[in-house]
Amino acid sequence: MNFFFFTILYLLSNSAYSQGIKFIEGSFETAKAEAHKQNKFIFVDCYTTWCGPCKWLAKNVFTNPNVGKYYNKNFINIALDMEKGEGKEFAKKYNISAYPTLLFVDAKGNIQHRYVGACDTTTFIAIGKQALDTTNNFGSLLKKYQKGERSPEFLAQYALTCASVYYPYDINEYLK
């Protein structure tokens, strides 16, 4: 009897760890507080209910056990509908104009990385790894730009990166 009980308990506990991403319930402020407490970045799934690629990601990528293992270990995860509730203001604040946008921010709400579009599980894990690389992620480029970096090489890289992630950029600055 004990063997049977422990076998069932093991299978149940093991299945809990083999699930996909665990998204927290609550507000973005709740996610920021948890990220601060755990010293993690926040992964925000910026979606809409009508977005086909958003639905595909939710069904085929976010549910993957390897994705869940990586993202649950390294991020506080939250999904926000960009057309409802706090998602509307969030979309304005972070310039979210295409869906899905996969946004990574620190506990203070500063952008660390972003990616636009659906992708497979391998690419999605690679995006998470790039988000954690604070010397080569989108946030590092944004900080350099905000601090006044304007070399032609940097501006070219920054402009291309901004275009690829649908982040507003004035191309005339590079052309000058």
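Let me begin with the charged side chains: the structure holds five salt bridges, where a salt bridge is a side-chain nitrogen of Lys or Arg within 4 Å of a carboxyl oxygen of Asp or Glu. Before I go on, please keep in mind that this is a predicted model, in which local features need pLDDT of at least 70 and side-chain atom pairs count only at pLDDT 80 or more, while totals for chains, interfaces and linings use all residues. Residues are numbered from 1 along each chain as its sequence is written, and side-chain values use heavy atoms, with hydrogens and water left out.

One of these salt bridges joins the side chains of Lys32 and Glu29, at 3.3 Å from N to O. Lys32 and Glu29 are about one helical turn from each other because they stand three residues apart in helix α2 (residues 28–38). Lys32 is buried, with a relative accessible area of 15%; buried means under 20% relative accessible area, exposed means over 50%, and partly exposed lies in between, with a 1.4 Å probe and protein chains only.

Another salt bridge is made by the side chains of Glu89 and Lys92, at 3.6 Å from N to O, and these two residues are three apart in helix α5 (residues 86–93), so about one helical turn separates them. Lys92 is exposed, at a relative accessible area of 59%.

Now to Arg150, which forms a salt bridge with Glu173, the closest N and O atoms being 2.5 Å apart. This pair links distant parts of the chain, with Glu173 in helix α9 and Arg150 in the loop between α7 and α8, 23 residues apart. Glu173 is partly exposed at 22% relative accessible area, and Arg150 counts as partly exposed at 34%.

What else does the charged end of Arg150 do? The charged end of Arg150 sits over the ring of Tyr145, 3.8 Å from its centre, and the term applies if NZ of Lys or CZ of Arg is within 6 Å of the ring centre and within 35 degrees of the ring normal.

That brings us to the rings, and a search of the whole structure finds 22 aromatic pairs. Rings of Phe, Tyr and Trp (its six-membered ring) pair if their centres lie within 6.5 Å, and planes under 30 degrees apart count as stacked, over 60 as edge-to-face and the rest as tilted. Phe43 and Phe104 form a tilted pair, 5.3 Å centre to centre with 35 degrees between the planes. That pair links distant parts of the chain, since Phe43 is in strand β1 (residues 41–47) and Phe104 is in strand β3 (residues 101–105), 61 residues apart. Phe43 is buried at a relative accessible area of 0%, and Phe104 is likewise buried at 0%.

Tyr145 and Tyr158, on the other hand, form a stacked pair, 4.4 Å centre to centre with 10 degrees between the planes. Here too the pair links distant parts of the chain, with Tyr145 in helix α7 (residues 138–146) and Tyr158 in helix α8 (residues 152–164), 13 residues apart. Both Tyr145 and Tyr158 are buried. Ring pairs also link Phe23, Phe43, Phe62, Tyr70, Tyr71, Phe75, Phe104 and Phe124 into a cluster.

Strand β3 also holds Thr101, which counts as buried at 1% relative accessibility. Which backbone atom does the side chain of Thr101 reach? The side chain of Thr101 reaches the backbone oxygen of Ala98 at 2.6 Å. In the loop between α5 and β3 we find Pro100, and the peptide bond from Tyr99 to Pro100 is cis, with omega near -5 degrees.

Finally, two residues other than glycine have a positive phi. Asn39, in the loop between α2 and β1, has phi near 55 degrees, and Asn39 is exposed at a relative accessible area of 72%. Tyr166, in the loop between α8 and α9, also has phi near 55 degrees, and Tyr166 counts as partly exposed at 46% relative accessibility.

Terms used
Helices (H or I, at least four residues) and strands (E, at least two) are DSSP runs, numbered from the N terminus. A polar contact is a pair of N or O atoms within 3.5 Å; within protein, one must be able to donate a hydrogen and the other to accept it, and residues adjacent in sequence count only if both atoms are side-chain atoms.
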